[in-house]
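The paragraphs below walk through it step by step.

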Amino acid sequence: HPLPAQPRRAAHRHHRAAAAASQGLTTLVLERKHTIGRKVCAGGITCNGLLKTCSPDIFEKSFSEQHVFTRMQKVCITSPAPIIATVNRENLGRKMAFKASQAGAEIRLDCQVLAIDKHNQKIHIIDKTSNSKEWLTYTYLVGADGSSSLVRRYLGLPMSDVGIGINYQIPGEYEEMQWH
């Protein structure tokens, strides 16, 4: 069965890879970076996101309150169940990559897609570690990369919501989840 052509974050990419490999599909994950896991975005997952699907052992801390501060207001949102939990993104990425590998997926680090030949269903990649290039044949292509990626453009995946976000992570353990 074809996998839906949708953009997914790295963590979702490894989850999809595990699902595909466990169904007997030859599965390859190309990771642009030389490590798995760390992302620019914060290490928080919401109840509408992965929170319900993740095992609690990856949570660093869960929050049933969120404090929102703007120039116009200060608001505290409270829920009986956790609204958001923090996770270590490197640990989450490694855990999901391990599950994908255990299911039979191959993961290549430091690889980037250079071109896509839709007529022959091939992608041209470069392994940035060895500086070698090769063409790979695919049956299903799932994009999990950034908003301006070659794979996203090839699949015709639109960007409907675009914005600029600034992420500032402060090391330490805090009692409140705050948004400023």
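**A guided walk through the chain**

Let us begin at the surface: the accessible surface of the chain comes to about 12200 Å², and 53% of it belongs to carbon and sulfur atoms. Please keep in mind that you are looking at a predicted model. Of the 180 residues in the chain, 30% are buried.

Next, the overall layout. The chain holds three helices and 11 strands, and reading along the sequence gives the pattern α-β-β-β-β-β-β-α-β-β-β-β-α-β. How do contacts run along the sequence? If you take contacts between residues at least 6 apart in sequence, 57% of them join residues at least 24 apart.

How far can the coordinates be trusted? The mean pLDDT of the chain is 79, with 78% of the residues at 70 or more. Confidence is lowest in β2, where the mean is 70, and highest in β10, where it is 95. Residues 1-10 have a pLDDT below 50, although this stretch has 25 contacts in the model beyond near neighbours in sequence. Where pLDDT is low, the predicted coordinates should not be read in detail.

Now let us look inside. Which residues form the largest nonpolar core? It has nine of them: L30, C111, I116, I123, I125, L136, Y138, L141 and V151. Two strands, β8 (111-117) and β9 (122-127), each supply at least two residues of this core. Leaving aside residues up to four places away in sequence, I123 touches L30, V113, A115, I116, E134, W135, L136, Y138 and L141. Another core lies apart from this one; it has eight residues, among them C54, I58, F59 and L92.

Side chains of opposite charge can pair when their charged atoms come close. The count of salt bridges in this model comes to three. One of them joins E175 and K61, whose closest N and O atoms are 3.5 Å apart. This pair links distant parts of the chain, since E175 sits in the loop between α3 (150-155) and β11 (177-179) while K61 belongs to strand β3 (residues 59-63), 114 residues apart. Is E175 buried or exposed? Its relative accessibility is 65%, so E175 counts as exposed.

R108 takes us to another part of the model. R108 forms a salt bridge with E106, and the closest N and O atoms of the two are 2.9 Å apart. The side chain of R108 also meets that of E134 in a salt bridge, at 2.7 Å from N to O. How accessible are its members? R108 is partly exposed, with a relative accessible area of 21%. E106 counts as partly exposed at 40% relative accessibility, and E134 counts as partly exposed at 32%.

E31 lies in the loop between β1 (28-30) and β2 (44-46). At 7% relative accessibility, E31 is under the 20% cut-off, so E31 counts as buried. A polar atom of the E31 side chain lies 3.3 Å from the backbone nitrogen of K33.

D110, in the loop between β7 and β8, has a positive phi of about 60 degrees although it is not a glycine. N131, in the loop between β9 and β10, also has a positive phi, near 60 degrees, and is a residue other than glycine.

Our last stop is V68, in strand β4 (residues 65-69). V68 counts as partly exposed, at 24% relative accessibility. Not counting residues up to four places away in sequence, V68 touches Q73, K74, V75, I77 and W179. The C-alpha atoms of V68 and M177 are separated by 8.6 Å, while the two residues are 109 residues apart along the chain.

How values were computed
Residues numbered from 1 in each chain as written. Predicted model: local features only at pLDDT ≥ 70, side-chain atom pairs only at ≥ 80, totals over all residues. Heavy atoms only, no water. Helix = DSSP H or I, 4+ residues; strand = E, 2+ residues; numbered from the N terminus. Buried < 20%, exposed > 50% of the residue type's maximum accessible area, 1.4 Å probe, protein only. Contact = heavy atoms within 4.5 Å. Areas by Shrake-Rupley, 256 points an atom, 1.4 Å probe, with all protein chains shown as cover. Polar contact = N/O pair within 3.5 Å; in protein donor to acceptor, adjacent residues only side chain to side chain. Salt bridge = Lys/Arg side-chain N within 4 Å of Asp/Glu carboxyl O. Core = buried A, V, L, I, M, F, W, Y, C linked by side-chain atoms within 4.5 Å. pLDDT = per-residue confidence, 0-100.
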